[in-house]
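This report describes a protein model through its helices, its aromatic pairs and the exposure of its residues. Please keep the sequence and the structure in view while reading.

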Amino acid sequence: MIVYSGAIMVLFTFVIMLLNAGKEERTHGSKAAYIAGFPGAAALFALLAFIFLQNSSHLGQVRLGEYLVTTGDLSKVLFKNLLLPFEVTSVLILIAILGAVALARKEH
């Protein structure tokens, strides 16, 4: 999991570096997006709430082979047994993000 999150953050930093964004242009949006967006967002929220409430007893549980693993079990392993690798990875990811932002920053 730590290697996977590190790989995602490396991709994130390269996107920041290669984005080379220009000046932001302010728009007011379209009326169709406002008309369809609010009811669509409300319907999506209602659907997700219904699904989560129907399956609330199974949230946070994964079956790995014959073992039932909960998020509590995973957090105990990650923050107790693997605390040092987790913290080292988070510091390396933070350094990578700061380096990418420093490299992508334009000098005026």
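Which residues make a nonpolar surface patch of about 580 Å²? The patch is made by Leu44, Leu47, Leu48, Phe50, Ile51 and Phe52. Patches consist of residues with over 30% relative accessible area and no salt bridge, where like charges are joined within 9 Å and nonpolar side chains (Val, Leu, Ile, Met, Phe, Trp, Tyr) within 5 Å; a salt bridge is a side-chain nitrogen of Lys or Arg within 4 Å of a carboxyl oxygen of Asp or Glu. Accessible areas come from the Shrake-Rupley method with a 1.4 Å probe, and for residues only the protein chains shown count as cover.

The model is predicted, so local features need pLDDT of at least 70 and side-chain atom pairs count only at pLDDT 80 or more, whereas totals for chains, interfaces and linings use all residues. Residues are numbered from 1 along each chain as its sequence is written, and side-chain values use heavy atoms, with hydrogens and water left out.

**Overall architecture**

The secondary structure comes to 4 helices and 2 strands, and along the sequence the pattern reads α-α-β-β-α-α. Helices (H or I, at least four residues) and strands (E, at least two) are DSSP runs, numbered from the N terminus. Of the 108 residues in the protein, buried residues make up 6%; buried means under 20% relative accessible area, exposed over 50%, and partly exposed in between (1.4 Å probe, protein chains only).

**Helix H2**

Helix H2 covers residues 31–54, and its 24 residues should span 34 Å at 1.5 Å a residue, which agrees with the 35 Å between its end C-alpha atoms. The expected span is 1.5 Å times one less than the number of residues. A kink of about 30° lies at Gly37 in H2, shortly before the proline Pro39, the bend being the angle between axes fitted to the seven residues ending at a residue and the seven starting there. Ile51, one of the patch residues, is found in helix H2 and is partly exposed, with a relative accessible area of 38%.

**Aromatic pairs**

The structure holds 2 aromatic pairs. The rings of Tyr34 and Phe38 have their centres 6.2 Å apart and their planes at 25°, so this pair is stacked. Both residues lie in helix H2, 4 residues apart, about one turn of the helix. Phe79 and Phe86 form an edge-to-face pair, 5.0 Å centre to centre and with 85° between the planes. Rings of Phe, Tyr and Trp (its six-membered ring) pair if their centres lie within 6.5 Å, and planes under 30 degrees apart count as stacked, over 60 as edge-to-face and the rest as tilted.

| Residue | Relative accessible area | Class |
|---|---|---|
| Tyr34 | 48% | partly exposed |
| Phe38 | 61% | exposed |
| Phe79 | 45% | partly exposed |
| Phe86 | 25% | partly exposed |

**Contacts across the sequence**

Leu19, found in helix H1 (residues 2–19), is exposed at a relative accessible area of 58%. Leu19 and Ala104 are 85 residues apart in sequence and 8.0 Å apart in space, C-alpha to C-alpha.

Thr70 lies in strand E2 (residues 67–70) and counts as partly exposed at 26% relative accessibility, and its C-alpha atom is separated by 9.4 Å from that of His58, 12 residues apart along the chain. Thr71 has its place in helix H3 (residues 71–81) and counts as exposed at 53% relative accessibility, while the C-alpha atoms of Thr71 and Gln61, 10 residues apart along the chain, are separated by 6.6 Å.
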